[in-house]
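Subject: Structure handover

Hello,

Here is the structure I promised to pass on. Please open it first, then read my notes below.

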Amino acid sequence: MADWRVVEGGITAPKGFQAAGITAGLKPSGAPDLALIYSDCEAIAAGVFTTSHVRAACVDYCRQRLEARPSARAILINAGQANACTGNQGWVDTIESAASLGLALNLPPEAVLIASTGVIGQRIKMDQLKAGIPKLVESLSFEGSDAAAGAIITTDLVTKSVAMETTIHDRPVRIGGIAKGSGMIHPNMATMLAFVTCDATVSPTLWQDMLRRAADRSFNQITVDGDSSTNDTLIALANGESRTPAITDEGAEADQLEAMLTAVCQYLAKCVARDGEGATCLIEVTVTGAVTAAAAGQVAKTIAGSSLVKAAIFGHDPNWGRIAAAAGRAGVTFDQSDLRVQLGDFLLMEHGQPLDFDRPAASAYLTAATQGEYLKTDTVAIQVSIGDGPGSGQAWGCDLSYDYVKINAEYTT
């Protein structure tokens, strides 16, 4: 049983955090497009970023800032322009964005982290951004999570937020998070953008290690379309406002906090996968029997990312052969006579042999998922076993519909 519970408040649920989201005129649509996350005191900061060699200026900026000093007070996020592939001017714009917000908050620029999302190759509309900063700061609120979550999205259909609470040394400790992402999701670190706050006191090295492991078990295990972003960013702030004793070493309290951090990241990751462009359901793949957890995760992500598997699920076709084929090409060695494939409650293959099953009922199971309740009954469960090893892992994706092509064929036009 989990040692935490879900609470209201999103990114501002932990003590000492405020947030805001406004319309600054960065998006042609006139939708909210500028967000701010702010800690009332200095917070330990950790980050995980895209491994792409083509990166947005904000990614390099945040990396440098966190390497120099693992702390921050504020995160400024703009939507509309990715500020990737914009040359030296993109770097200048990032530096100016941090300086402008720092001035408005009476903070040194080094206390500000920057994230951007939108169309690659387009600079931030700096006049609009700088003009919007005073309003953004004025809008800061301890109830501002929803506004911030709404201001960071692009093609997302829904906002993504969650908060959880546990007890450490008889005091409540909370972690909150918001994320955005719908397309260009095949992370090699995290999702396009995700932000986490925590009111525990954690040593910088331990907090970074926790975040990396949480990312590997969540955002790194989702896929929508096989494309990693130039802007992938996951930033986590821990400000110590819960007034619990500092967690500086591995141990029971560290494990408890990391488990809740992982749960927050997994929830947000599943939100991103479910909101994949054109998606009608979430796909959850569980793989067991592998030699290691990493091997199981690799097989699971290959299945979740298979275009043929995703298309079959969209067509409500229980074509288990595509699942078996994806498992076999995942780069993990196993004996095909050990392969077991199950779709929901329907056992389709065991000991490498096909089984008779109720095909119409299995198809109805897939159909029902497209009509289910968000992140509750809208999930297609695929369970695969590849042996008798101790390793298990999960991955999440979505089906592949006609609308994915429509959305991305006209993204900049």
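Is A111 buried or exposed? A111 has a relative accessible area of 11%, so it is buried. The cut-off for that word is under 20%. Keep in mind that this is a predicted model.

Stay with A111 for a moment. It sits in the loop between helix 2 and strand 5. Leave out residues up to four places away in sequence, and A111 touches A72, R73 and A74. D33 is another matter: A111 and D33 are 78 residues apart in sequence, and their C-alpha atoms are 22 Å apart in space.

N106 belongs to that loop too. The loop runs between helix 2 (87–105) and strand 5 (112–119), and N106 lies in it. Its relative accessibility is 73%, so N106 counts as exposed. The backbone of N106 has a phi near 60 degrees, a positive value in a residue other than glycine.

H351 lies in the loop between strand 12 and strand 13 (353–354). With a relative accessible area of 57%, H351 is exposed.

Now the whole protein.

- The protein has eleven helices and 15 strands.
- What would the radius of gyration be for a compact globule with 413 residues? It would be near 22 Å; the protein has 21 Å, which agrees.
- Along the principal axes, the C-alpha trace spans about 70 × 55 × 35 Å.
- Of the 413 residues, 54% are buried.
- The accessible surface comes to about 16,500 Å², and carbon and sulfur atoms account for 50% of that.
- There are 30 positive and 45 negative charges, and their mean positions are 4 Å apart.
- Take contacts between residues at least 6 apart in sequence: 80% of them join residues at least 24 apart.

Next, the aromatic rings. How many aromatic pairs does a search of the whole structure find? It finds three. One of them is formed by F346 and Y365. A pair of aromatic rings is described by the distance of the centres and the angle of the planes. For F346 and Y365 the distance is 6.4 Å centre to centre, the angle is 55 degrees, and the pair is tilted. F346 lies in strand 12 (residues 346–350), and Y365 lies in helix 10 (residues 359–369). The pair therefore ties together parts that are 19 residues apart in sequence. Y365 counts as partly exposed because its relative accessibility is 22%.

Start with K15. Where is K15 found? It is in the loop between strand 1 (5–6) and strand 2 (17–22). K15 has 42% relative accessibility, so it counts as partly exposed. Set aside its neighbours within four places in sequence, and K15 is in contact with R171, D199, N239 and E241. Look at C198 too. K15 and C198 are 183 residues apart along the chain, yet their C-alpha atoms are separated by 7.9 Å.

Then go to E284. This residue is in strand 10 (residues 282–289). Which residues does E284 contact, leaving aside its neighbours within four places in sequence? They are K270, T379, V380, A381, I382, Q394, A395 and W396. I178 gives another distance to check. E284 and I178 are 106 residues apart in sequence and 21 Å apart in space, C-alpha to C-alpha.

For E284 and I178 the values are 106 residues and 21 Å.

Best wishes

Definitions and conventions
Residues are numbered from 1 along each chain as its sequence is written. This is a predicted model: local features need pLDDT of at least 70, side-chain atom pairs count only at pLDDT 80 or more; totals for chains, interfaces and linings use all residues. Side-chain values use heavy atoms; hydrogens and water are left out. Helices (H or I, at least four residues) and strands (E, at least two) are DSSP runs, numbered from the N terminus. The radius of gyration is taken over C-alpha atoms; the globule rule is 2.2 Å times the number of residues to the power 0.38. Buried means under 20% relative accessible area, exposed over 50%, partly exposed in between (1.4 Å probe, protein chains only). Contact means heavy atoms within 4.5 Å. Accessible areas come from the Shrake-Rupley method with a 1.4 Å probe; for residues, only the protein chains shown count as cover. Lys and Arg count as positive and Asp and Glu as negative; His and the chain ends are not counted. The place of a charge is taken as NZ of Lys, CZ of Arg, CG of Asp or CD of Glu. Rings of Phe, Tyr and Trp (its six-membered ring) pair if their centres lie within 6.5 Å; planes under 30 degrees apart count as stacked, over 60 as edge-to-face and the rest as tilted.
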